[in-house]
Amino acid sequence: MPWSNQNGSDGNNQGPWGQGPRGPRRTGGGGTPPDLEEIIRKSQDQLKNALPGGGGGSPIFIVVIVLGLLALWAYQAVYTVQPDQRGVVLLFGKPKADISQPGLHFLWWPVEKVEMVSIVERQINVGGNSRSGATQGLMLSGDQNIVDVQFSLLYSIINPQNFLFNLEDPQDTLRQVAESAMREVVGRRPAQDIFRDNRQAIADDVKTTIQTTMDTYGAGIAINTVSIEDAAPPREVADAFDEVQRAEQDEDRFVEEANQYSNQKLGQARGEAAQILEEASAYKDRVVNEAEGEAQRFTSIYDEYAKAPDVTRKRIFLETMEEVYKTSNKFILEQSDGQGVVPYLPLTELNKIAPQGGSK
């Protein structure tokens, strides 16, 4: 049999690949390796025989190769831009003017290629590491105080071409510009503004400065928000600064309490003054009304007196006596026959008896 010679020593007993099957490799020598070119040639022949047309299928094989190349070219030439992306097409490395919007697009590969840029809002954090030994966030305020500022900014890419090709590292440039802008704005203001009083105005000024600088560089970036996350003194003076802050808070609290006390007393005094004015006005109205009433009464009595003097005089006398006797103690004695009448009238004793037995 052709495969009976396992060691391949007989040149007439060879397998279909040009030599018989090799036995297990032995240390220190053995069979020769197979011919690689012969294996490739045999594989090509088998592939040709498997294609329609048998051994004469060379043109079809070429067509298959061409179709494969066309499929590879189409795979490279057709690309998709996602909704949160924009594409910049490069012709021989030079960007074209048109920006690829979301959707399916075509380019002439390999002379053209596309660079994708994400337009999702991005964030950069600056500062806030001085307590761990870094000095990125340490800044000098306008009143010569050192503050540690930590802030962040949100930005979007509005011009993908400028973002890709005008700056070597746009994000690092933006970080440096943001830090420089914050130092400039903080250096013009007192430390109290950055600590507590006017953070929003500082953030707005920093945003404007960053945007102006990046527009000068042509970075294609829009600054959306600048937010100051934290502002604190350096750790070396943190205790002293906290003490100052507590003193200022106590001062503000005392001033507020004094204002509250002042407003309370002032409101009370104004209320009392208004009450006195109301009472005086009411007393004035009452006295005036009483005087006018008395005047009208006197006038009406005088008119009646002018018509009938005797009758009016008698009526006035009776009314006057009625008013006099109404509030005075009265003792009424019945006249007897003269027997048993005491020679004097004990008014003191009668006054003691009068509240119990009534007037007599």
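**A walk through the nonpolar core and its helices**

The largest nonpolar core has 33 residues, and Phe151, Leu153, Leu174, Met182, Ile194 and Ile210 have the most contacts inside it. A nonpolar core here is a set of buried Ala, Val, Leu, Ile, Met, Phe, Trp, Tyr and Cys residues joined through side-chain atoms within 4.5 Å. Buried means under 20% relative accessible area, exposed over 50%, and partly exposed in between, with a 1.4 Å probe and protein chains only. Two or more residues each come from β6 (122–127), β8 (146–157), α4 (170–186), α5 (191–197), α6 (199–217) and β9 (221–232). Of these, α4 gives the largest share, 7 residues. Helices (H or I, at least four residues) and strands (E, at least two) are DSSP runs, numbered from the N terminus.

This is a predicted model: local features need pLDDT of at least 70, side-chain atom pairs count only at pLDDT 80 or more, and totals for chains, interfaces and linings use all residues. Residues are numbered from 1 along each chain as its sequence is written, and side-chain values use heavy atoms, with hydrogens and water left out.

Start at Phe151. Leaving aside residues up to four places away in sequence, Phe151 touches, among others, Ile124, Val126, Met139, Ala178, Met182, Val226 and Ile228. Contact means heavy atoms within 4.5 Å.

Now take α4. This helix has 17 residues and reaches 24 Å from first C-alpha to last, close to the 24 Å expected at 1.5 Å a residue. The expected span is 1.5 Å times one less than the number of residues. Its buried residues include Leu174, Val177, Ala178, Ala181 and Met182. Glu184 also lies in α4. At 42% relative accessibility, Glu184 counts as partly exposed.

Next comes α6. Its 19 residues reach 27 Å from first C-alpha to last, close to the expected 27 Å. Ile202, Ala203, Val206, Ile210, Gln211 and Met214 are buried in α6. They cover an arc of only 165 degrees around the axis, so they sit on the same side of α6. The arc is that of the directions from the helix axis to the C-beta atoms. Their cover includes β8, α4, α5 and β9. After α6 comes Gly218, with a positive phi near 65 degrees.

Finally, the whole protein. It has 9 helices and 9 strands. Of its 360 residues, 21% are buried. Among contacts between residues at least 6 apart in sequence, 63% join residues at least 24 apart.
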